[in-house]
Amino acid sequence: MWAAVAACIAFWGLRILVTPRPAPSQTQPVSSTDSLRGDVTRLFAAAAVPTAATGATEPGLASRFKLIGVMAPKEGERGREQGIALIAVDEKPPRAYRVGARIDNALVLQSVARRSATIGPSQGAPAVQLDLPPLPAPATGSLPPAAGLLQAAPATEPVTAVPSIPGSASPLRAPINRQ
């Protein structure tokens, strides 16, 4: 009992009283955006694909927002006054915004469609239309047959009858040895 109390006091004493060593002064925080700045298509010698315009009137404004996901009502339902868009502003972690919610000082989420969202002033024309990237083409074709699945079934040994035991309903059979 006293050993458990001493171990508990030692554990919490070390947790509370010991301070971690500070990081060296030359360290820098890791940024996930630094590794994504290059043109990877040139690395693999693929042809460069021109990017589609985002439909924004001001290119500096459009570069601040990135549409991550959309939850929009079906086309036949109440239209564009409902919905939620997942938007990253100024490369910060994305947040969910409802239609009509203030995104920036003067900008609100005006409408949401199936694969897009529009941002603009609360009582004006849309300033930025954000689109989700197109979905990749579905994989087509067939896989080659697996090597071990189409082999012939192993031959079974014939069942040999053993003389029946008096008083039993059916004769005993010899066990089958499968490999």
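# Close-up views of a predicted model

**View 1. The surroundings of Leu 109.** Once residues up to four places away in sequence are set aside, Leu 109 touches Ala 85, Ile 87, Tyr 97, Arg 98, Val 99, Gly 100, Ala 101, Ile 103, Ala 117, Thr 118 and Ile 119. The structure shown here, as in every view that follows, is a predicted model.

**View 2. The largest nonpolar core.** This core has 18 residues, and those that touch the most other members are Phe 65, Ile 87, Ile 103, Leu 109 and Ile 119. At least two residues of the core are supplied by each of helix 3 (59–62), strand 1 (65–71), strand 2 (84–89), strand 4 (108–112), strand 5 (116–120) and strand 6 (128–131). Strand 2 gives the largest share, which comes to three residues.

View 3. Ser 116 lies in strand 5, and it counts as buried because its relative accessibility is 12%, where the cut-off for a buried residue is under 20%. When its neighbours within four places in sequence are left aside, Ser 116 is in contact with Leu 67, Val 70, Gln 129, Leu 130 and Asp 131.

**View 4. The salt bridge between Asp 90 and Arg 64.** A search of the whole structure finds two salt bridges, and in one of them Asp 90 pairs with Arg 64, with the closest N and O atoms 2.8 Å apart. Asp 90 belongs to the loop between strand 2 and strand 3 (95–98), whereas Arg 64 belongs to the loop between helix 3 and strand 1, so the pair ties together parts that are 26 residues apart in sequence. With a relative accessibility of 38%, Asp 90 counts as partly exposed, and Arg 64, at 24%, also counts as partly exposed.

**View 5. The salt bridge between Arg 64 and Asp 104.** Arg 64 also forms a salt bridge with Asp 104, and here the closest N and O atoms are 2.7 Å apart. Because Arg 64 sits in the loop between helix 3 and strand 1 while Asp 104 sits in the loop between strand 3 and strand 4, this pair ties together parts that are 40 residues apart in sequence. Asp 104 has a relative accessible area of 23% and is partly exposed. Through salt bridges that share partners, Arg 64, Asp 90 and Asp 104 are joined into one network.

View 6. Phe 11, Trp 12, Leu 14, Ile 16, Leu 17 and Val 18 make a nonpolar surface patch of about 710 Å². One of these residues, Phe 11, lies in helix 1 (residues 2–17), and its relative accessibility of 44% means that Phe 11 counts as partly exposed.

**View 7. The whole chain, for orientation.** The secondary structure of the chain comes to three helices and six strands, which follow the pattern α-α-α-β-β-β-β-β-β when read along the sequence. Of the 179 residues in the chain, 16% are buried. Among contacts in the chain with a separation of 6 or more, 30% are between residues 24 or more positions apart. The accessible surface of the chain comes to about 15300 Å², and 61% of this surface belongs to carbon and sulfur atoms.

Key. Residues are numbered from 1 along each chain as its sequence is written. This is a predicted model: local features need pLDDT of at least 70, side-chain atom pairs count only at pLDDT 80 or more; totals for chains, interfaces and linings use all residues. Side-chain values use heavy atoms; hydrogens and water are left out. Patches are made of residues with over 30% relative accessible area and no salt bridge: like charges are joined within 9 Å, nonpolar side chains (Val, Leu, Ile, Met, Phe, Trp, Tyr) within 5 Å. Accessible areas come from the Shrake-Rupley method with a 1.4 Å probe; for residues, only the protein chains shown count as cover. A salt bridge is a side-chain nitrogen of Lys or Arg within 4 Å of a carboxyl oxygen of Asp or Glu. Helices (H or I, at least four residues) and strands (E, at least two) are DSSP runs, numbered from the N terminus. Buried means under 20% relative accessible area, exposed over 50%, partly exposed in between (1.4 Å probe, protein chains only). A nonpolar core is a set of buried Ala, Val, Leu, Ile, Met, Phe, Trp, Tyr and Cys residues joined through side-chain atoms within 4.5 Å. Contact means heavy atoms within 4.5 Å.
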